[in-house]
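Here are my notes on this one, written as numbered points.

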Amino acid sequence: MRTELAELFRTALTVSYPSAGAEPVVAACNNAKNGDYQCNNAMALFGKLKGTEGAPKAPRDVANAILGALPKNDLVAETSLAGPGFINIRLNREYLSKRISGMLTGGLASWAPTGHKGKKVVIDFSSPNVAKEMHVGHLRSTIIGDTLCRIFEYCESDVLRLNHVGDWGTQFGMLIEHMADTRKARVAAGGEDKDADEDVADLQELYRAAKKRFDEEEEFKTRAREAVTRLQSGDPVSLASWQRICAASRREFEALYTRLGVTLQERGESFYNPMLKDVVDELKAAGVATIDDGATCVFVEGQNVPLIVQKSDGGFGYASTDMAALKHRLNEEKADWIIYVTDVGQSQHFELVFGAAKKAGWLVEGGPKVSHVGFGLVLGEDGKRFRTRSGDLVRLVELLDEAKSRCAKTIRERREENGEEVVEAEVEEAACAMGYGAVKYADLKNHRTTNYKFSFDDMLNLKGNTAVYLLYAHARIAGIVRKAEKDVYALAASSPISLDHPKELELALHICKLPEALEDAIEELAPNRVTDYLYDLSEKFNSFYVDCKVIGSEQEASRLLLSEATAVVMRKCFELLGIKPLYRI
Ligand code: ARG
């Protein structure tokens, strides 16, 4: 609706003030009393025209002239002027009602934001590091990244979900060497001379033990360094050890992704390794990179540090890999938009990478876009960085387990209280949907750049802006529709939705705003636009339901359709947020 209105006003502006070249400014009204939408062009246009020949006398004159040129349409029911020259717009009820009927019969595909169809969108998210802990920061990246992917997928973009796993680097030297020592010790103790699964069973422990020796034993450190060189030169034995570590790590990550319902294509740092030298050579040859204090650097305007694409010892690092990855995504993947989801701590890194790419001419005005989607920290209830009591980083798997078991407990209790049968398989399904949904929702509902406190009590609250509350709200609506025992889809085709009651109208208007919430989410790359919309939707439904009797009322058919439309749109939001809807709890 916002886009359609903007188009109408675009025409009105070109007709009334052809030479002003004004872009329509249309937004939803903050106060529903004034109208549904407003057009705010008159004031600025008045300022612009001041002093020109035949200039209008007041902004209100401009507004009237615009209104006079508004093309005939079936969207706007009435307009009014307010303040210095705001144009308030009231939408046509019939238009809203038809939109909703059309959505019920034709599905939600046509409600996806336009302009992204067929566009190649590469989203680099999750991206944990092999053999290091996958911490809550990676959880945030996974959840936010997945939601962005789902939104673009709804828009029918060609989405490439990339897991830029940290699977290459000097840490592998010490890991490989430590594993070799463990095997030698096993042989010396009379064991078999072959690899054992237990060597990679606990990767965090492997990392910890190897790191300790690396820091404390000079001789081990030297051997670890040599192992890196061997690995980099393609020595088969070292490569085999490296692969075993990666495979074990992959199994852990995959288990978590399966639980969360997230799919990702792994394309780790090692993938770009063969390209690093050429990329750095290209940057040097083009004069984009220069040698500074032995290191190869790209200096980017406005940045106080350079991007180091090759260290003084000749080694390549995180930055070189990101340059190679960017080039690959532009040239081979033919990306239209590349999006990176990491904590805000990496903002400068990405500013440098994007700046260097501009300097190299890889990114040009009007060409493919790049965006860094930064997010804040997850804090514990004490307001400090989220850690376990013993001070360790919180293991993601344990978090999900706890959320799930807490939900299972409440669901069971509720059923027993209501004298309902407790079917374990159902409890399990509902507990997963609620528990994992709650963790995701609690993360997504904050603007991504804010730090938020991780609290099971808050996120599992039955009241308030939580997934649990919303899942119950949805199940309740599904229950209402079920109870009516009508074929709502047949109804949608035959019976119109009447919006005579103000609460019906308010709900209908909000239902129709889904595309706008998604446009805003894309514009700001902010999933909380979707959670805000969803929460408002359920509030609007509640207030409709309080005042408007559904089953057994004269308007039963029409109100059932509104209820079903609410449920359909709620499910779409759940889907975009990666939350499984429940029909009965
Ligand atoms: N592995 C990195 C980390 O854990 C995140 C990688 C993000 N993606 C990228 N292309 N740099 O911090």
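1. UniProt, in an unreviewed entry, annotates residues 470–585 as "domain: DALR anticodon binding". A caution on such records: positions follow the numbering used here, feature names are shortened, and annotations may be inferred rather than shown by experiment. In the model, that span is 73% helix and 0% strand, and its end C-alpha atoms lie 12 Å apart. Helices here are DSSP runs of H or I with at least four residues, strands are E runs with at least two, and both are numbered from the N terminus.

2. Some housekeeping. This is a predicted model, where local features need pLDDT of at least 70 and side-chain atom pairs count only at pLDDT 80 or more, while totals for chains, interfaces and linings use all residues. Residues are numbered from 1 along each chain as its sequence is written.

3. Now the overall view. The protein chain has 22 helices and 14 strands, and its C-alpha trace spans about 85 × 75 × 40 Å along the principal axes. Of its 585 residues, 40% are buried (20 or more other C-beta atoms within 10 Å of the residue's own; 12 or fewer is exposed, in between is partly exposed, and C-beta atoms are placed from the backbone).

4. For residues 3–91, an unreviewed UniProt entry lists "domain: Arginyl tRNA synthetase N-terminal". That span is 37% helix and 21% strand, with 13 Å between its end C-alpha atoms.

5. Four strands make an open sheet in the order 1-2-4-3, where two strands pair if DSSP finds at least two bridges between them. Strand 1 (26–28) and strand 3 (76–82) each have a single partner strand, so one side of each has no neighbour in the sheet. Six bridges link strand 3 to strand 4 (residues 86–91) in the antiparallel sense, and Glu 78 has Arg 90 in strand 4 as its bridge partner.

6. Five strands form an open sheet with the order 7-6-5-11-12. Which strands stand at the edges? They are strand 7 (265–266) and strand 12 (369–375), each with a single partner strand, so one side of each is left without a neighbour in the sheet. Strand 5 (residues 120–124) and strand 6 (residues 158–163) run parallel and are joined by five bridges; Lys 120 stands opposite Asp 158 in strand 6.

7. Helix 5 (residues 136–154) lies across strand 5, strand 6, strand 11 (337–343) and strand 12, at about 155° to strand 11. Axes for that angle are lines fitted to C-alpha atoms, for helices over the stretch in contact, and angles run from 0 to 180 degrees between N-to-C directions.

8. Is Leu 162 buried or exposed? Leu 162, in strand 6, is buried because it has 25 C-beta neighbours inside 10 Å. Beyond residues up to four places away in sequence, Leu 162 touches Val 122, Ile 123, Asp 124, Gln 265 and Arg 267.

9. The largest nonpolar core has 137 residues, and Ile 123, Leu 307 and Ala 438 touch the most other members. Helix 22 (residues 556–577) gives the largest share, eleven residues. Such a core is a set of buried Ala, Val, Leu, Ile, Met, Phe, Trp, Tyr and Cys residues joined through C-beta atoms within 7 Å. A second, separate core of 20 residues includes Leu 206, Ala 210, Leu 231 and Cys 246.

10. Finally, check two backbone angles. Most residues other than glycine have a negative phi. Glu 156, in the loop between helix 5 and strand 6, has a positive phi near 60°. Lys 334 has a positive phi near 55° and is found in the loop between helix 12 (318–331) and strand 11. Glu 156 is partly exposed, with 14 other C-beta atoms within 10 Å, and Lys 334 is exposed, with 11.

Technical notes:
Two residues are in contact if their C-beta atoms, placed from the backbone, lie within 7 Å.
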